[in-house]
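Take a moment with the sequence and the model before reading on. Then follow the walk-through below.

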Amino acid sequence: MALQELIYTSLANPASSHAAVQDILKSSQRNNVAHEITGLLLFDGDRYIQILEGVPQNLDLLFSKISSDSRHHSLELLHRGPVTSRAFSDWRMAYEEMPKGLLDDLAENMAVYAMENEGEILDPEDSFGARLNGMFMDAIAAE
Ligand SMILES: Cc1cc2nc3c(=O)[nH]c(=O)nc-3n(C[C@H](O)[C@H](O)[C@H](O)COP(=O)(O)O)c2cc1C
């Protein structure tokens with residue numbers, strides 16, 4: 001079945017942020033393998049950016065759960081579209097904590113990229129996943 005990537009951003013509810021991330025990652029480890037979902041979660045203390053990869057039906061189910069999760073708000077879908085391969089095939093949900101404020105710029109950058117490529121089928125190396133994977137690898141290397 002067709003593979004898609006879905007990217008959104010949201011703001012963490014302050015009461016719960018760091019403990020919440022641990023719980024979210026536990027749920028992701030448990031659930032994503034069963035639903036063949038892979039991806040990356042970025043968090044800078046205020047903002048989340050998450051990319052999810054999977055078949056449309058499983059993405060719909062998970063995204064509707066995530067959309068009604070009270071640990072975050074102001075959720076904004078940045079992009080959803082077809083991909084020919086996964087950028088995070090080895091991860092149920094990769095996670096990286098980013099410097100504060102960095103994700104505001106990244107979310108804006110992704111929104112512009114989505115507008116520029118509206119309706120296009122992206123080459124594998126130009127997918128949102130490939131771009132975020134490159135950034136993720138750079139962040140790991142810098143640790
Ligand atoms: C920013 C954010 C990202 C999340 N990502 C995932 C995810 O990748 N997989 C997942 O199963 N739940 C994720 N969740 C949690 C879901 O909203 C939901 O709480 C969880 O899937 C329920 O799991 P359970 O039915 O096993 O208790 C996320 C929640 C937030 C706030």
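This is a predicted model: local features need pLDDT of at least 70, side-chain atom pairs count only at pLDDT 80 or more; totals for chains, interfaces and linings use all residues.

Does S74 count as buried or exposed? S74 has 9 C-beta neighbours inside 10 Å. A residue is exposed if that number is 12 or fewer, so S74 counts as exposed. Find S74 in strand 4. Now look at its backbone. The phi angle of S74 is near 55°, a positive value in a residue other than glycine. Most residues other than glycine have a negative phi.

Strand 4 leads us to the sheet. The sheet is open and has five strands, in the order 4-1-3-2-5. Their pairing is mixed. Strand 4, residues 72-83, is an edge strand, and so is strand 5, residues 94-97. Each of these two pairs on one side only. On average, neighbouring strands of the sheet are turned by 10° against each other, direction ignored.

Look at one pair in detail. Strand 1 covers residues 3-12 and pairs with strand 4 in the antiparallel sense. Nine bridges join the two. Take L6 as an example: its bridge partner in strand 4 is R80.

Helix 2, residues 56-67, lies across strand 1, strand 3 and strand 4. Its direction is at about 160° to strand 3, which spans residues 47-54. Helix 4, residues 128-141, lies across strands 1, 2, 3, 4 and 5. Helix 4 runs at about 125° to strand 3.

What lies at the core? In soluble globular proteins, nonpolar side chains tend to be buried together. Here the largest nonpolar core has 24 residues. The members that touch the most other members are I7, L40, L42, I49, I51 and L132. Strand 1, strand 2, strand 3, helix 3 and helix 4 each supply at least two residues of this core. Pick out L40. Leaving aside residues up to four places away in sequence, L40 touches Q50, I51, F88, W91, A94, L132 and F136.

Now turn to the ligand. How many residues surround the ligand? There are 16, and the closest are S27, S28, N31, D69 and R71. By class, this shell has six nonpolar, six polar and four charged residues. Helix 1, strand 3 and helix 2 each supply at least two residues of the shell. Helix 1 gives the most, with six residues.

Start with E36, in the loop between helix 1 and strand 2. Phi of E36 is near 50°, again a positive value in a residue other than glycine. E36 counts as partly exposed because it has 14 C-beta neighbours inside 10 Å.

M98 sits in another loop, between strand 5 and helix 3, which covers residues 102-116. Why does M98 count as partly exposed? It has 17 C-beta neighbours inside 10 Å. A buried residue needs 20 or more, and an exposed one has 12 or fewer, so M98 falls in between. Which residues does M98 touch, not counting those up to four places away in sequence? They are L42, F43, D44, L103 and A139. L42 is also one of the core residues that touch the most other members. Finally, trace from M98 to A130. They are 32 residues apart in sequence, and their C-alpha atoms are 18 Å apart in space.

Methods. Residues are numbered from 1 along each chain as its sequence is written. Two strands pair if DSSP finds at least two bridges between them. Helices (H or I, at least four residues) and strands (E, at least two) are DSSP runs, numbered from the N terminus. Axes are lines fitted to C-alpha atoms, for helices over the stretch in contact, and angles run from 0 to 180 degrees between N-to-C directions. Two residues are in contact if their C-beta atoms, placed from the backbone, lie within 7 Å. A residue is near a molecule or strand if its C-beta atom, placed from the backbone, lies within 6 Å of it. Ala, Val, Leu, Ile, Met, Phe, Trp, Tyr, Cys and Pro count as nonpolar, Asp, Glu, Lys and Arg as charged, and the others, Gly among them, as polar. A nonpolar core is a set of buried Ala, Val, Leu, Ile, Met, Phe, Trp, Tyr and Cys residues joined through C-beta atoms within 7 Å.
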